[in-house]
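User: I would like to learn how to read the charged contacts and surface features of a model, one at a time. Could you take me through them, giving the general idea and then the case at hand?

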Amino acid sequence: MGRGRAKAKQVKVARQLKYNSGGTDLDRLRDELGVGDSSRNNDADDLNDELVDRYADYADDYGNDDDGRSSGRR
């Protein structure tokens with residue numbers, strides 16, 4: 001017979017989450033997740049630049065012509 005009170009509490013919590021979720025502290029969340037560290041971003045950018053440089057020649061060889069047809073060797 002005590003199920004009604006538990007269900008009412010669950011409904012109350014669900015409504016609070018649905019309608020009052022605007023108070024998220026994004027800076028605190030970023031710190032907890034370890035995102036936003038500038039050294040990590042620089043490493044990722046360097047890796048991306050290295051990959052772009054490495055595969056730029058392939059893009060030139062296998063790219064599309066201006067009319068959309070595939071050119072290059074396959």
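User: Which side chain meets that of Glu 50 in a salt bridge?

Analyst: A salt bridge is a side-chain nitrogen of Lys or Arg within 4 Å of a carboxyl oxygen of Asp or Glu. Here the side chain of Glu 50 meets that of Arg 54, at 3.0 Å from N to O. Before going on, note that this is a predicted model, in which local features need pLDDT of at least 70 and side-chain atom pairs count only at pLDDT 80 or more, while totals for chains, interfaces and linings use all residues. Residues are numbered from 1 along each chain as its sequence is written, and side-chain values use heavy atoms, with hydrogens and water left out.

User: Where do Glu 50 and Arg 54 lie, and how many residues apart are they?

Analyst: Helices (H or I, at least four residues) and strands (E, at least two) are DSSP runs, numbered from the N terminus. Glu 50 and Arg 54 are four residues apart in helix H3 (residues 38–62), so about one helical turn separates them.

User: How many salt bridges does a search of the whole structure find?

Analyst: The search finds three. One of them joins Arg 30 and Asp 27, at 2.9 Å from N to O, and these residues lie three apart, about one turn, in helix H2 (residues 26–33). Arg 30 has 38% relative accessibility and therefore counts as partly exposed, as does Asp 27 at 49%. Arg 28 also forms a salt bridge with Glu 32, with the closest N and O atoms 3.3 Å apart, and both of these residues are exposed.

User: What is the count of buried residues in H2?

Analyst: Among the eight residues of H2 the count is zero, which leaves this helix hardly covered. Just after H2, Gly 34 takes a positive phi of about 75°.

User: Which residues make the nonpolar surface patch?

Analyst: Patches are made of residues with over 30% relative accessible area and no salt bridge, like charges being joined within 9 Å and nonpolar side chains (Val, Leu, Ile, Met, Phe, Trp, Tyr) within 5 Å; areas come from the Shrake-Rupley method with a 1.4 Å probe, and for residues only the protein chains shown count as cover. In this model, Leu 47, Leu 51, Tyr 55, Tyr 58 and Tyr 62 make a patch of about 500 Å². Tyr 58 is placed in helix H3 and, with a relative accessible area of 47%, is partly exposed.

Methods:
Buried means under 20% relative accessible area, exposed over 50%, partly exposed in between (1.4 Å probe, protein chains only).
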